[in-house]
Amino acid sequence: MASLTIENLDDDVMRQLEARAAEHGRSPEEEARALISDRAPRVMPPTRPVMSDEKKVKLKRAIERIESGEGISDLGTALGEPALVGLPVRTPTEQKRVYEALSALSVEHSGEPFDQKAFTDELWSFVE
């Protein structure tokens with residue numbers, strides 16, 4: 001873990017930090033660590049790997065074939081993923097049915113912040 005030394009800290013600031021630390025039952029060092037952690041910007045790694053343009057084209061073609069009802073006979077070949085070659089796939093009719101069902105679930109993002117709790121509450125409101 002990294003270390004940080006702060007030199008020439010104003011005495012008033014240190015007293016405030018000590019008072020705040022005492023309120024929270026922490027040492028001044030623990031309090032400073034908590035303050036920095038709470039306010040430091042969080043840089044999140046991408047949640048999924050970036051897809052190459054070639055893979056995007058292959059995926060688009062596969063989706064178009066499924067949408068049209070033609071379907072794909074081998075997912076690995078269609079997507080250029082050797083690990084998926086030879087895996088069983090659904091019939092073209094089933095592929096299209098699943099695609100349409102999943103498409104019906106998709107929601108256009110409005111740009112507004114997403115409230116997971118409100119969404120979950122609404123989703124499970126039938127239980128009440």
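This is a predicted model: local features need pLDDT of at least 70, side-chain atom pairs count only at pLDDT 80 or more; totals for chains, interfaces and linings use all residues.
## Overall make-up

The protein contains six helices and zero strands, and its elements, read along the sequence, follow the pattern α-α-α-α-α-α.

Of the 128 residues of the protein, 10% count as buried. The protein exposes about 11400 Å², and carbon and sulfur atoms supply 57% of that area. Among the contacts in the protein with a separation of 6 or more, 23% are accounted for by residues 24 or more positions apart.

## Helices α3 and α5

Helix α3, which covers residues 53–68, and helix α5, which covers residues 92–105, have axes that come within 8 Å and cross at roughly 105°. Because angles of 65 to 115 degrees count as roughly perpendicular, α3 is described as roughly perpendicular to α5.

On the α3 side the contact is made by Ile-63, Ile-66, Glu-67 and Ser-68, while on the α5 side it is made by Gln-95, Lys-96 and Tyr-99. Sorted by class, the contact of α3 with α5 has three nonpolar, two polar and two charged residues.

## Gln-95

Gln-95 is found in helix α5 and is one of the residues through which α5 makes its contact with α3. Gln-95 has a relative accessible area of 8% and is therefore buried, since buried means under 20% relative accessible area.

When residues up to four places away in sequence are not counted, Gln-95 touches Ile-66, Gly-71, Ile-72, Val-89 and Arg-90. Of these, Ile-66 also belongs to the α3 side of the contact between the two helices.

Note on methods. Residues are numbered from 1 along each chain as its sequence is written. Side-chain values use heavy atoms; hydrogens and water are left out. Axes are lines fitted to C-alpha atoms, for helices over the stretch in contact, and angles run from 0 to 180 degrees between N-to-C directions. Helices (H or I, at least four residues) and strands (E, at least two) are DSSP runs, numbered from the N terminus. Angles under 35 degrees count as roughly parallel, over 145 as roughly antiparallel, 65 to 115 as roughly perpendicular and the rest as oblique. Contact means heavy atoms within 4.5 Å. Ala, Val, Leu, Ile, Met, Phe, Trp, Tyr, Cys and Pro count as nonpolar, Asp, Glu, Lys and Arg as charged, and the others, Gly among them, as polar. Buried means under 20% relative accessible area, exposed over 50%, partly exposed in between (1.4 Å probe, protein chains only). Accessible areas come from the Shrake-Rupley method with a 1.4 Å probe; for residues, only the protein chains shown count as cover.
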